[in-house]
Amino acid sequence: MKPPPFHYAAPTSVAEAVALLGEHADEEARVLAGGQSLVPLMNFRLAQPGHLIDLRRVEELTRIGTDGDTLVIGAMVRQSHAEHAPEVAVGAPLLAEALGYVAHPPIRNSGTVGGSIAHADPSAELPAVVLALDAELVVAGPQGDRTIPAAEFFRGPFSTAIEPGEILTEVRIPRRDGGQAFVEFARTHGNFALVGVATVIELDGDTVTRVSIALSGVAGTPVRATAAEQALVGTVPDDASIRAAAAADDLSPAGDVHGGTETRTDIARSYLRRGIELALQRAQDRR
Amino acid sequence: MSPVDKHDVTLTVNGRTSTVTVEPRKLLVDVLREDLGLTGTHIGCEHGVCGTCTVLRDGASIRSCTTFAVQVDGCEIRTVEGLAKGAELHPLQDEFWDKQGLQCGYCTPGMLMRACEIVETNPDVTAAEVREGIASNICRCTGYQFITEAVCAAAVRMKAGNP
Amino acid sequence: MTTVDRSAPPVRTHKENRTWVGKSIRRVEDPKFLRGRGGYIGDMTLPGMLHAAVLRSPHAHARITAIDTAAALAAPGVHDVITGARAAELCDPLPDFGPNPAAHTWRCLAKDKVRYVGEGVAVVVADSRYLAEDALALIDVEYEPLPAVVDPERALEDGAALVHDDLGSNCAYERTFQFGEVDRDFAEAEVIVTDRLRWHRSGGQPMETVGAVADFDHATGELTVHTNSLSFTSYLFMVATTMRIPTNKLDIRPVPAGGSFGSKLFATKPAVLAGMCSREVGRPVQYLEDRVDNISNCDHHGSDRVYDVQLAMMRDGTMRGIKIDTVEDYGAYIQFGVGHHGNALAQVVGPYTMTSVEYRVRAALTNKNQQGAYRGFGSEVNNWMLEQIVDKAARELDLDPVEMRRRNFIREFPHFIPTGNVYDSGDYDAVLDKALDLSEYKHWRAEQAKAREEGRYIGIGLITAQERSVFSATEFWFWFDEPGAPVTSMPESVTLKVDATGGITATLYSCAFWGNSPETMVAQLVAEEFDCDPHSVSIVYQGSKNGLPATGPGGSRTTVMLAGAVEGATAKIKAKALRAAAHLLEANPDDMEWVDGGYQVKGVPEQRKTLAEIAIMLHLFKHSFPEDMESGLEDSKVFDHPYTTMPSADRKDLGVFYPFMGHACHVPVVEVDIETGAVSFLAYAAVHDCGTLVNPRSLAGHIVGGTAQGIGTALYEEYVYDDDGQLLTSSYLDYLIPSAMEVPELKIGHHETPSPYTLHGIKGGGEGGRMMAPAAINVAVNDALAPLGVRVTELPMTPDRLRAAIRAAQTARESG
């Protein structure tokens, strides 16, 4: 299981990387971030890019900072770095918690925040997190930068709004108050999840004022549990109403070897409930 | 496609710096094993799941089977061959031996390097943390129990400065 | 005619105060592995060595209508491309123990038809594995797809597509055996409990795949094969025959195997592929499976069975007899015949005093990778089947499951079970008592009751089951009235050499190391015999060409067989040393005794020669001894199976074929999350009786490791083929092996009932964990779900299967 041959370049700036991507567009040029999704695919020879543009030397993409109330994470920030960064713990605890579910530490030591989002695996954690947090994704291209809301970013399995020739450079996450929780169900520790639930609940007293819930693993892209959100907002949730909210969305996850549609739906509803309960508990604890 | 250029890759492996000239597609594990003759790092699955090929890059554990050597140009790499000091085993090696934390020995180098990162970053590591930590690496022989015991025992010795 | 020889070997008296046997010394194998100097097959490089890669079939069942290799041959670094058709000219079919090898021909590469996804159709030899894989992509194969045969029961129906046209059916073997008075027991039974059970296939999946480095020398016509597969006695013939090489021109050299769990037993295909390529290109060739090769094309998938079972019972819980009807899905070929069922028949009645057994086995061929060996070799499936129906019986009769088991225990030994195999010794009550205590059984029953009130589903899975050890050859052929190869030898050999300074070197034959501890076992046994430090004993391996007969590991045989060989070689060496010492001391050998590393005159400790003193004289001072004493102090023992008897002609008695019978009691405590179908462990206790222990910690390691694999079998691992025969689990993304987070901390207890027939009373114990855990975990899950009326009868118990069962029960309750 050895990867096919490819040309390689390791530019030091985004501009240079974008230029190289354009230059080698006809050779199936692709961006190489941490490689933790792409290299296995290449070892299986399921991906055969002719040219890899490695972003490891582009220092401007490896920073974590804040812009007012917005957390700004460079696309090449390693997942293990973000997982333990104080700025993330403060600015987006949901992301920090979700990062702990991304495979295992040796994968997170190489894998990047931007790489996972751009790969857009429907069962991955980070796409659901940025969707729940209404994050913005910044991409650079030959025509300059553009900013894409997370809700418009994911187009399908392994497919995003990044156009050919563009590079994801930055994740901008607005700060959210309230309780945040990420829960997921995987058959074995660190394996791909059957479902992941990213939840943010804000309270005024006991009343839910704002709620965001995104699910991974139940469709071709991460999706918002809009019916659950609507069922909860403006209410004082109790066990029965949380159960009802968790059952509110129409879910029809595709079955595979790890679970048929019915079982995946059962598990998704169960974890939706657990995610709401945990986020609510945390929101209450913060009051 | 047009012929692929080889690239120079400079690695400091177990404290010794070498430059190899390889195709960009060459995996780090193959460079270690074939170009540098360090066959202690083994290949298990070649898709990043089993952890058999684990090495440390600048102190952090990585999968050398899902890392192109060009991606670690300029980095410091540690492998199982760097653990012992001559005749003296590293505390992890010694405790793996004492507790029988290995049977076939094939996952052992990767497991040792992962354990090395765990105890170096968390000197007070608990058995539960060791279990979660080594869940990144599959051992098909031991059922992990004696590995966990060995890592905990080594952590105590290393913290006490008693290698 | 049921005439069998029931003569047993002499009952032995065991040494009482042992020094080294029974101590958990550090393993002598380990330092090289800890330092990354294991010397596995992938670490081997020979000058000029090339690399091979195999093109795998994407189809479950298809005719190969054309293969174009021109582009691959022209690719950079490629030396040769061999298709299945050309391989069939270069090599004979791979030999097997199957019922009708000419009608289910198995080759190293498919010749005209592929029979499963992953079957090899061509091999490329190139300068590197990278270049070999580049060339694979350039081979153009035209296939004519055929309907796939996937379900084993449907495979046996009329009109099913044929996996092997020459066989005319997909039933490779069918026979019904009756042992004891089956009809009487069923007629007299007060209750007949029935069950239908399904065990799906998983496999050993060692972290190291199978591989070989072959070097054919055209000057001498000799082939040298270095490989991590095993066994001289059979493997040598198999590779030589396939390669059309005289056996004295083939040298198989053992290298350490990075795990096997059975799956490297007689793995002939990689050696043949490498050997064939080496002979064609005239250079050494390495062929190493990659992980996808190993999952899809290793020839070592584990058991895959459907059971219909009936247990004849009395109302008081006494078991009388059992009828077992099983269909086994062997995949596309059947290399070991139905030997897996021999394993089952060795302990088919478990620890229970049943007096009759009916056993019907049908072997189905399907479009899947074939079965080989996986820790338990089919006996683990029998344990599971038996414990499931025993547990069901206890529920149906409303009896305590522990007491019902105890009521049926065999208590007198040696005990011949209905199939003819013997249980040499045991104390099942003692093991059960220890397990009840160690597991805090009563505490967990109380916790279970509390949990149920809280709406939580906790289950306790107590099972008592057998752990046969030390296989003999008859189980591979007693299936047939006129077997083609009724082999009876399964020896193991050791050479011991005492050098001029008294240092001891032991030579092992075959490929003894696959993660077990043959070197440690031999070192401890030698130390026990010679009163030396086991770590001072040097161990080497010998290749087949200069080797003595040896079988290698399998069927939990290594330690018992090596012990017998060490004992025999020691006796010869000590006899010579005694004679030499007596001569040097001018004493009568009859007046001398072995004391603490030397011979001395009884009662006169100053009249003494140490082993080193004797050895230097024997090596360097020939003229100090009588004319007929040769120089040196070295000897060997070829140790044959100590207790095998032949089956009766009518096969109503299969003879003794797996006599050293261990026993175990496993008690997992699980919690089932009924919303998700996830199973987690709250506690796990295991007590094993493997006779006298040589290294208790090593055995404990095997118990934990085997249990971890059993957890995989019970909950996670399955080679899944869809209705079209596509393999859905071809990587570790989908074939799920338990990590440290899925395996609980085990409490381990040992009980020691020495075998009366082996050195020190040792029995084998390498497979026990996996032979117990699937049964125990299934019983535990069913115990947890009993309040819902759910009983799971299919392994692995995935979330999907558990949720389906729970949903069905909920629906039934709502509609009922």
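Analyst: Helix H17 (residues 611-620) of chain C lies across S24 and S25 of chain C, at about 45° to S25(C). Helices (H or I, at least four residues) and strands (E, at least two) are DSSP runs, numbered from the N terminus. Axes are lines fitted to C-alpha atoms, for helices over the stretch in contact, and angles run from 0 to 180 degrees between N-to-C directions. This is a predicted model, in which local features need pLDDT of at least 70, side-chain atom pairs count only at pLDDT 80 or more, and totals for chains, interfaces and linings use all residues. Residues are numbered from 1 along each chain as its sequence is written, and chains are lettered from A and ligands numbered from 1 in the order in which they are written.

User: What makes S23(C) and S24(C) a pair?

Analyst: Two strands pair if DSSP finds at least two bridges between them. S23(C) and S24(C) (residues 598-601) have four bridges, in the antiparallel sense. Glu593(C), for one, has Gln600(C) in S24(C) as its bridge partner.

User: Why do S23 and S25 of chain C count as edges?

Analyst: The open sheet has the order S23-S24-S25 (chain C). S23 (592-595) and S25 (604-610) each have a single partner strand, so one side of each lacks a neighbour in the sheet.

User: Why is H12(A) called roughly perpendicular to H20(C)?

Analyst: The axes of H12 (residues 261-286) of chain A and H20 (residues 799-815) of chain C cross at roughly 85° and come within 9 Å. Angles of 65 to 115 degrees count as roughly perpendicular, so H12(A) is roughly perpendicular to H20(C).

Methods. Parallel < 35°, antiparallel > 145°, perpendicular 65-115°, else oblique. Contact = placed C-beta atoms within 7 Å.
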